[in-house]
Amino acid sequence: MVLLEAGKLPHKNYVNIWNLPELRGIAITDDRVTLGALTTYTEIQNHEVLREEFPMLCQAAKETGGIAIQNRGTIGGNILNASPAADSPPALLAYDAELELVSKTGSRRIRYANFHTGYKQMDIRADELLQSIGLPRTKNALMHYYRKVGTRKAQAISKVCFAAVGRVNIGRIESARLALGSVAPIPLRCVNTEAVINDRAPDGEAIAAAKATLTREIAPIDDFRSTRDYRLRVSLNLLEDFLRRLETL
Ligand SMILES: Cc1cc2nc3c(=O)[nH]c(=O)nc-3n(C[C@H](O)[C@H](O)[C@H](O)COP(=O)(O)OP(=O)(O)OC[C@H]3O[C@@H](n4cnc5c(N)ncnc54)[C@H](O)[C@@H]3O)c2cc1C
């Protein structure tokens, strides 16, 4: 609607998918939570299992736009809008989400980490719709760390968005997964930084190595919302804060 009103989309007929029941609902099984693509931010925030097991997604939903956007905006729309500054993708990446795409000829699944291929470029065909987003449930207790840094606390687009999970087990970091928004052309899962910190004690040396790797892994830019230097500094500070807070759970 924003693009249409700004004159950036042709005024022709569009298909409204809001009433497709196949794209709605939140289903729970033993090993997975599946969100229909049309799940709204309000529905995410109100869901007990999501609040308990995927708190970063609920926090992202709570910090997205205002209440009107949260009641109407969908998680599927947030993914397909493909903004590198969107708030739910870093949480979805850190939770290792999987997407299910459907078309007349069938359906296929793809890891969300492989979905964004370049700025506003995605692995989706013109005849496909996003049907659902799958989140693997884990029995391991993890620390969840999500920070949206914007100009204001509400109604602001992220300058940096940081989502990470992990824990310390017998003195070593394990299951650490982290992802950032607004620091690259796509929402970025930072696998190189993860490789540096996993299976390592969360000490000063690990923090320094992780920060050096993250500096190489992200590619923040200057734009009207922030600067490259500020985004880099904030990303590194958040990484350090996450690592210092990691605890044995
Ligand atoms: C005032 C305002 C504030 C906002 N604040 C934020 C914010 O703080 N954080 C943030 O991340 N975003 C924000 N947004 C962006 C937007 O609201 C969200 O991205 C929202 O989730 C989009 O969902 P939607 O259902 O409205 O998608 P739409 O805008 O309807 O769709 C977005 C794109 O995705 C495609 N699409 C949607 N669903 C599917 C599907 N199931 N399968 C295939 N293609 C699909 C559409 O064709 C379109 O190209 C804001 C927008 C506004 C207008």
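How many bridges link strand S10 and S11, and in which sense do the two pair? Strand S10, made of residues 172–181, pairs with S11 in the antiparallel sense over two bridges. Keep in mind that you're looking at a predicted model. Here's a quick tour of the strands and helices around that pair, plus another group of strands.

**The open sheet**
- S10 and S11 belong to an open sheet of four strands, and the order is S8-S9-S10-S11.
- The pairing in this sheet is antiparallel.
- At the edges you'll find strand S8 (143–149) and strand S11 (188–189), each of which pairs on one side only.

**Helices lying across it**
- Helix H4, residues 55–62, lies across S8 and strand S9 (160–169).
- H4 runs at about 20° to S8.
- Helix H10, residues 228–245, lies across S8, S9 and S10.
- The angle between H10 and S8 is about 160°.

- Strand S3 (residues 98–103) pairs with strand S4 (residues 106–111) in the antiparallel sense, over six bridges.
- S3 and S4 make a hairpin, with two residues between them.

**A handy rule for strands**
- In a regular strand, side chains alternate between the two faces of the sheet.

Note on methods. Residues numbered from 1 in each chain as written. Predicted model: local features only at pLDDT ≥ 70, side-chain atom pairs only at ≥ 80, totals over all residues. Heavy atoms only, no water. Pairing = 2+ DSSP bridges. Contact = heavy atoms within 4.5 Å. Axes fitted to C-alpha atoms, helices over the stretch in contact; angles between N-to-C directions.
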